[in-house]
Amino acid sequence: GLAHAQRAMRVRLRSACCLIVLAAKARPTAALRHFRCVPYGERAPAGGATITCDGRVPGATLELTHWTDNETPDDLYADTSTECALRLARIRRVGGTAYADHDDALVINNHFDTDGVLSAYACLHPEAALRHASLLADGAAAGDFGEWSSDAGVRLDAAIEAIGGAHGGDPAAYDAALAALPALLASLEADSADAADEEAPWRDGWGAALAGWQALASGDASLSRAGAIAVLREPSPKEEAESSEPLPGAGKRSPGECPRLPAVALHRGLTQLLGAPFGIRRVLRATDGGARGWRYEYETPGHGWVKRLVTREPVAAPEGGALAESLTALGGVGTWRKGGGGGLISLCASDGWVDAPPDAVCEALLACDEAAQEYVVRPGSCPAQCGAVESWVES
């Protein structure tokens, strides 16, 4: 009897051990990970494994970033840093030894933005992140590329940006955003997020996106194409001033600057109105100032600043300063300068108001920018998550 009881006990212990091992292999062990926001330019903390999400932090032992000159491993790499982190979560879910030495790594980043927050969340809570993988990818694409992949993705980006703006400094913003994400993701996935909720964290950003899209849908703004250049006629300052519902966010620009259609609204217009988002290599933003003439900004599509891409088509771009000099020297289109209001995607802009209309400027650009001349959509250049954009316009 005693021997039988001992054998039964050993069997139960072996079964329990097997269950523990299987459970460990069936989920990432990232519950041991913690997050720290490090000042920009500082090195990663020494003495253990570190995962840098989105930003490049010197000395990190594993990169999950799409920033220029990144060293993210090929099997983890994707177009956004959030998708890189999701790939790590999938690999660790399967188990094995790949990246197991980073199961208890310190997760770090050196700046606050949507892709940074979502990639950090995916490292800290991989199982929860995998349940919301599509939404996280859409949010990251809205934040870093200005893509309207889904309404929920645009709202997610708007909410994270609003949370960041409400807190002083990146560490506090990260604490608030990471704490808010579980409820925010659940609400957006359940479609219980009330777009008209005055208290919703996405209210301002979502309102700006809708207003921009409505400007395109109503004809207050318009899109056309010349070669691989999408020509966006922005709502003019006069139209904006007379509108009973001005574009949210336009007042944030400096006096005398043109209103700028939100990038997500532009992407939705390229997808639904122009039907051509993935062969476009340049965007010319044109604002009609009436008697003052026209004002222009020339830029790449939203993903154009990323040099290493998997599902989107890389965008070769000239140096903005050299292009501005060529346009100015060509004559007839005014004086141009490097930069613009688009940040990383800006190439050059007219230096104030010029007389030349958009067709003349497009002709000059096509003469000076060889990569903008031919409109080609290469097989496989359309990311699956950008293929279906909701078609309704909120009344």
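## Stop 1: a hairpin

Start by selecting Ala286: its bridge partner in β8 is Tyr296. Before we move on, know that this is a predicted model, where local features need pLDDT of at least 70, side-chain atom pairs count only at pLDDT 80 or more, and totals for chains, interfaces and linings use all residues. Residues are numbered from 1 along each chain as its sequence is written, and side-chain values use heavy atoms, with hydrogens and water left out.

Now show β7 and β8, which pair in the antiparallel sense over six bridges. (Strands are DSSP runs of E, at least two residues, and helices are runs of H or I, at least four, numbered from the N terminus; two strands pair if DSSP finds at least two bridges between them.) The two form a hairpin with five residues between them, and Gly290 in the turn has a positive phi of about 70°.

Is β7 largely enclosed or open? Six of its seven residues are buried, so β7 is largely enclosed by the rest of the structure. (Buried means under 20% relative accessible area, exposed over 50%, partly exposed in between, with a 1.4 Å probe and protein chains only.)

## Stop 2

Select helix α12, residues 358–368, and colour Pro358, Val361, Cys362, Ala364 and Leu365, which are buried. They cover an arc of only 165° around the axis, so they sit on the same side of α12. The buried residues of α12 pack against several elements, including β7 (282–288) and β8 (294–299) from our last stop.

## Stop 3: a four-strand sheet

Show the open sheet of four strands, in the order β1-β4-β2-β3, with parallel pairing. At its edges are β1 (34–37) and β3 (62–64), each pairing on one side only. Inside, Ile51 stands opposite Val107 in β4.

## Stop 4: a serine

Finally, select Ser119 in helix α3, residues 114–124. Ser119 is buried, with a relative accessible area of 0%. Its contacts, leaving aside neighbours within four places in sequence, are Cys53, Asp54, Ser81, Thr82 and Ala85. (Contact means heavy atoms within 4.5 Å.)

Technical notes
The arc is that of the directions from the helix axis to the C-beta atoms.
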